[in-house]
Amino acid sequence: MTAPLEELTHRDADWAGLRVLVTGLGVSGFAAADALVQHEARVTVVDAGNGSERQTTQAGILGILGADVRLGPEHVAGLPDDLERDLDLVVTSPGWRPDHPVLAAAQAHGIPVWSEVELAWRLRPRVGAAPWLVVTGTNGKTTTVQLLETILTSAGLRAVAAGNVGHPILDAVQHPEPYDVIAVELSSFQLHFTHTMSPLASVVLNVAPDHLDWHGGLEGYAAAKARVYERTQVACVYNAQDPRTERMVEEADVVEGCRAVGFTLGTPGRSMVGLVEDVLADRAFVEERATSAAELGTLADLSLASGGEGATPPPHLVADALAAAALARAAGIAPVAVRDGLRAFRTDAHRTTVVAEHEGVTWVDDSKATNPHAALAALSAYPDIVWVAGGQLKGAAVDELVAQVSDRLRAVVLLGLDRQLIADAVARHAPEVPVHDVGVADHGDMDALQGLMDDVVALCAASARPGDVVLLSPAAASLDMFPSYGSRGDVFADAVRRRLGTGPVSGA
């Protein structure tokens, strides 16, 4: 007889014989199935894929371990007939919507559905588990969690950034050399089916329309984000310039004694972190916060992360740094380690990455801006822009974005599935700005995509003047044409270098 689910709260519980369906054979699905098999659960995995080389390899590994792997669309039309009355649990991958036929059928039959994050939380050791510092939000999650990891390691802790950042949280939890603390990035998809997680500290960086098709609207999306605050132990960190995040904290059911800590690009009040001129200041985790603050670093300490020594960090990077600092301080990290972490941090590729500088024009890859809110952060950083945009808007509107940056636009070059929606917004809010439509190419056809991007770059070169920035900041997802936003950025950078006859600039 298997143990009841409510008793499965740590890795030493009796998982043997638990009947589990894992949906999806991606990174998280493979990690979940592998972990469950190791704990002697009876695991079936389903995925609509027809057996790519990666899937075939993973299916073979899981099969050797004892899992039943079923690939092909016929296996995801609903709960498998032979399992419908023989399941204790479904563990789902983040890409599967709640209304997917398999998940909907599970819920209709009263079968609990967990995210891989929920599974990871329950597979921590009974004693001495590493605390979680959890980050979510529409934009800035990866930068913040990587900043946090750098700060934690600067403090001498064994730490890792895991979750939606690309390193499966299950792998981090089960690492043979335990971590002191885990910096966890979570998407709204992952949070939707997470039920018992209790972070040491948590933050919602911001909330803007995104993934509305998945969540059924903004309220559903925001509600998923708000789950990160539930059961938080020490500090719920919120964005003082995004009132919705503060309301989330007010409504959260937290552990007794947990505090609300705001971060702001302005002067911090009590129980906040913020900016005093060029100093990142802490008025939340100091004893005399009514009259004093701790210095956590300066804007200059972030300069190497934002273009080189002496560069002015953009506001979105400063906000992410303040959020990361607040989480670290909640975990007892000293101010000097926060400063050292800020100095050591370098931003990821495809986030306002300078590709080339040629004849007074700067070419910037911000392909990671996969929604309007993210694109606004980059567009607000430059005064004169030739904007490259387009892709999958995922139900998000772009009128507000275009209205806010209309006076910065020299020209707009559009590509991708929803480019006409952006063109219409430009026509409404910046009718004098030239718009060029280069169309769409087949998904994954790299020759066609390179040709398309060569056309984009040629139009940008013809439109730009000395002092301008050519900015790929699509405000949309990439999967209409490209394997990932990284691939989109790489194809853009390659096209720029072909056009200009340049190599990569230092730090690109």
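Biologist: In which sense do strand β1 and β2 pair, and over how many bridges?

Modeller: This is a predicted model, and everything I say is computed from it. Strand β1 (residues 19-23) runs parallel to β2, with 5 bridges between them.

Biologist: What is the order of the strands in the open sheet?

Modeller: The order is β3-β2-β1-β4-β5, which makes 5 strands, and the pairing is parallel. From one strand to the next the twist averages 20 degrees.

Biologist: What makes β3 and β5 edge strands?

Modeller: Each has a single partner strand, so one side of β3 and one side of β5 (113-115) have no neighbour in the sheet.

Biologist: How do you know that β12 pairs with β11?

Modeller: There are 2 bridges between strand β11 (residues 259-263) and β12, in the parallel sense. The rule asks for at least two, so the pair qualifies. Glycine 262 is found opposite methionine 272 in β12.

Biologist: In which sense does β12 pair with strand β13?

Modeller: That pairing is antiparallel, over 4 bridges, and β13 covers residues 279-282. Valine 273 has aspartate 282 in β13 as its bridge partner. The hairpin of β12 and β13 has 2 residues between the strands, and glutamate 277 there takes a positive phi near 60 degrees.

Biologist: Why is strand β12 called mostly covered?

Modeller: Of its 5 residues, 272-276, 4 are buried. A residue is buried when its relative accessible area is under 20%.

Biologist: Why is the contact of aspartate 86 with arginine 42 called a salt bridge?

Modeller: The N to O distance between their side chains is 3.4 Å. The cut-off is within 4 Å, so the pair meets it. Aspartate 86 lies in the loop between β3 (68-71) and β4 (89-92), and arginine 42 lies in strand β2 (residues 42-47), so the pair ties together parts that are 44 residues apart in sequence.

Biologist: Is aspartate 86 buried or partly exposed?

Modeller: Aspartate 86 has a relative accessible area of 24%. Buried requires under 20% and exposed over 50%, so 24% makes aspartate 86 partly exposed.

Biologist: What makes the contact of aspartate 468 with arginine 410 a salt bridge, too?

Modeller: Their side chains meet at 2.9 Å, N to O, and the cut-off is within 4 Å. This pair links distant parts of the chain, 58 residues apart: aspartate 468 is in the loop between α16 (446-463) and β20 (469-472), and arginine 410 is in strand β18 (residues 409-415).

Biologist: Which label, buried or partly exposed, goes to aspartate 468, and which to arginine 410?

Modeller: Aspartate 468 has a relative accessible area of 1% and is buried. Arginine 410 is at 26% and counts as partly exposed.

Biologist: How many cavities of 30 Å³ or more does the structure hold?

Modeller: It holds 1, and the largest cavity has about 40 Å³ of space. A set of points is called a cavity when a 1.4 Å probe fits there but cannot get out. The lining has 10 residues, and those closest to the centre are Thr92, Ser93, Pro94, Phe189 and Phe193. By class, the lining has 5 nonpolar, 4 polar and 1 charged residues.

Biologist: Why is serine 198 called buried?

Modeller: Its relative accessible area is 13%, and buried means under 20%, so serine 198 qualifies. Serine 198 is placed in the loop between α7 (188-192) and β9 (201-204).

Biologist: Where does glutamate 246 lie, and is it buried or partly exposed?

Modeller: Glutamate 246 is in helix α10 (residues 243-251). At 31% relative accessibility, glutamate 246 counts as partly exposed.

Methods: Residues are numbered from 1 along each chain as its sequence is written. This is a predicted model: local features need pLDDT of at least 70, side-chain atom pairs count only at pLDDT 80 or more; totals for chains, interfaces and linings use all residues. Side-chain values use heavy atoms; hydrogens and water are left out. On a 1 Å grid over the protein atoms alone, a cavity is a set of points where a 1.4 Å probe fits but cannot get out, and a pocket is an open set with protein on both sides within 12 Å along at least five of seven lines; lining residues have an atom within 4 Å of a point. Grid points are joined across faces, edges and corners, and a volume is the space filled by probe spheres set on the points. Ala, Val, Leu, Ile, Met, Phe, Trp, Tyr, Cys and Pro count as nonpolar, Asp, Glu, Lys and Arg as charged, and the others, Gly among them, as polar. Buried means under 20% relative accessible area, exposed over 50%, partly exposed in between (1.4 Å probe, protein chains only). Axes are lines fitted to C-alpha atoms, for helices over the stretch in contact, and angles run from 0 to 180 degrees between N-to-C directions.
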